[in-house]
Amino acid sequence: MPKPTTAGDGRGSKEPTVVDIDRFRGRLIRADHADYDTARAVWNGAIDRRPRLIARCIGNADVAGAVRFARDHDLEIAIRGGGHNVAGTAVCDHGIVIDLSAMRAVRVDPAHGRAWVQGGALWGDVDHETQAHGLATTGGIVSHTGVAGLTLGGGIGWLMRKHGLTVDNLLAVDVVTADGELLRASENEHPDLFWALRGGGGNFGVVTSFEFRLHAVGPTVLAGPILWDASEATEVLRFYRDFVRDAPDELGTVVRFGTAPPLPVIPEDLHWRPVVMVGTCYAGPIEEGERRLAPLRASRTPLLDLVGPVPYVGFQSALDSTVVHGWNYYWKSTHLPELCDDLIDVIAEHAFSCSSPRSYVAMFHLKGAVSRVAEGRTAFGNRQASHAITLDGVWRPSEDFGDRDTAWTRRFFAALGRFREGVYVNFLGNDEDPDRVREAYGDAVYDRLADVKTRYDPDNVFHHNQNIRPARGG
Ligand SMILES: Cc1cc2nc3c(=O)[nH]c(=O)nc-3n(C[C@H](O)[C@H](O)[C@H](O)COP(=O)(O)OP(=O)(O)OC[C@H]3O[C@@H](n4cnc5c(N)ncnc54)[C@H](O)[C@@H]3O)c2cc1C
């Protein structure tokens, strides 16, 4: 097969002469294609990369062909699932994007509580199909997040304290390795690879299909946010700290600091007002949830209490319009221990000092079933941490908050320094110190991941990600 010329890089008028992928049945999108700019765009509008070729696959054979083609032609590979990662690793400059966005099928076996999900599906696709049977598995809290990237990094969400991380519910995958070979990995088939895929991200192959365990959830759950004025953040957090310490596994909470978004369910006079918002979702009987949530709701008079019985599938997309595709995002993140007074003071001091009304902070309460799985059982690190916090600078392309809110996230992150306890790999940005990938796993898990990487991808073909380098070479 002829090599592509190196003259064209997709930036100039010259079309790179990459030949077609043999027997490829999906779409090949190059710089001169009418859909090129849409196809290379990812969720984070601050990412502007120009691949030489986007291979939009429609099946496993396409994916395998694209991997082999990339290797034959020495093209860097980026893998696109939902295209949602803040670091924008789903798209690269000059190379090839193996794009799974046309592979979004979901099949549910309600009798056995199983779902098969293609590698380009979004969480909204999964919840839509599984909730038709009153079933669900732990997924992300925004419905347009990709299943693949989220799962491969671990997967946190409203249901994790009851049902574990997304990876704790992963039973098997179909994966195309760096050699272009299609393997099935599970506890019994390539168990070392299966272990690595449960937290190690896109370092080990292109996952074309996931098999998940499902649980009875809803379809109506007790859920919703409670809003207090930002000036009450310290008192709210002190109560919250004590409240979640003894919370049942069924109760998932996420604290959001920022302005009240202009959602239809929020009265107009509260729109854009700085608030601390405790989002709740009770994955159990409604009456039991009412009882367990009562102390939080009664702790101090809120500006607004929207907790009530809602369809789980609708709740899963309630935040979608607050994190729109194409806005610019800059994140810093860390895991945190249980909130002590000093830590609460740091959070209260910094959380509301951003400039953009769209910037916010989200703090997920972990523990529960997440922490009961032994460290090292999967490749997800830091299972004993209490909270995962993301400091999220957000501004529209027409706005000039970027520099100020990037500086705000960095300042806030520095102030959290003495409390840091690892990090969730999926919340890492694109300008992180490489040591942060090791931080996400801890030394023992990272070194084991590097060994598996050496076995399955010794040349580090899959490196456009939060990279785990092979133990030798790469
Ligand atoms: C607004 C927002 C909300 C979020 N909420 C949550 C949340 O509630 N819980 C949570 O756990 N995370 C959450 N995340 C983080 C999320 O897990 C990551 O952004 C994740 O990467 C999204 O997956 P994706 O498929 O869209 O990734 P993409 O951007 O498509 O890909 C990111 C990387 O994942 C890997 N990858 C993607 N697809 C595949 C594949 N098929 N095979 C192999 N590797 C692949 C590749 O390395 C790729 O570079 C959120 C992110 C955002 C932006």
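Let's start with strands S3 (77-80) and S4 (residues 96-99), which pair in the parallel sense over 4 bridges. Strands are DSSP runs of E with at least two residues, helices are runs of H or I with at least four, and both are numbered from the N terminus. Two strands pair if DSSP finds at least two bridges between them. Within this pair, Ile77 stands opposite Ile96 of S4.

A quick word on what you are looking at: this is a predicted model, where local features need pLDDT of at least 70, side-chain atom pairs count only at pLDDT 80 or more, and totals for chains, interfaces and linings use all residues. Residues are numbered from 1 along each chain as its sequence is written, and side-chain values use heavy atoms, with hydrogens and water left out.

Now, which sheet do these strands belong to? It is an open sheet of 4 strands, in the order S1-S2-S4-S3, with mixed pairing. At its edges sit S1 (27-29) and S3, each pairing on one side only. On average, neighbouring strands are turned by 20° against each other, direction ignored. Helix H2 (residues 60-72) lies across S2 (53-56), S3 and S4, and runs at about 170° to S4. For these angles, axes are lines fitted to C-alpha atoms, for helices over the stretch in contact, and values run from 0 to 180 degrees between N-to-C directions. Contact means heavy atoms within 4.5 Å.

Next, a hairpin. Strand S5 (residues 106-109) runs antiparallel to strand S6 (residues 114-118), and 4 bridges join them. Val108 has Ala115 of S6 as its bridge partner. There are 4 residues between the strands, and Gly113 takes a positive phi near 60°.

Finally, let's follow helix H10 (residues 341-350), which packs with helix H7 (residues 233-245) at about 140°, their axes 9 Å apart. That angle makes H7 oblique to H10; under 35 degrees counts as roughly parallel, over 145 as roughly antiparallel, 65 to 115 as roughly perpendicular, and the rest as oblique. Leu237 and Arg241 of H7 are among the residues in the contact, as are Ile344 and Asp345 of H10.

What angle does H10 make with helix H12 (residues 402-415)? About 170°, with axes 10 Å apart, so H10 is roughly antiparallel to H12. Val346, Ile347 and His350 of H10 meet Trp408, Arg411, Phe412 and Ala415 of H12.
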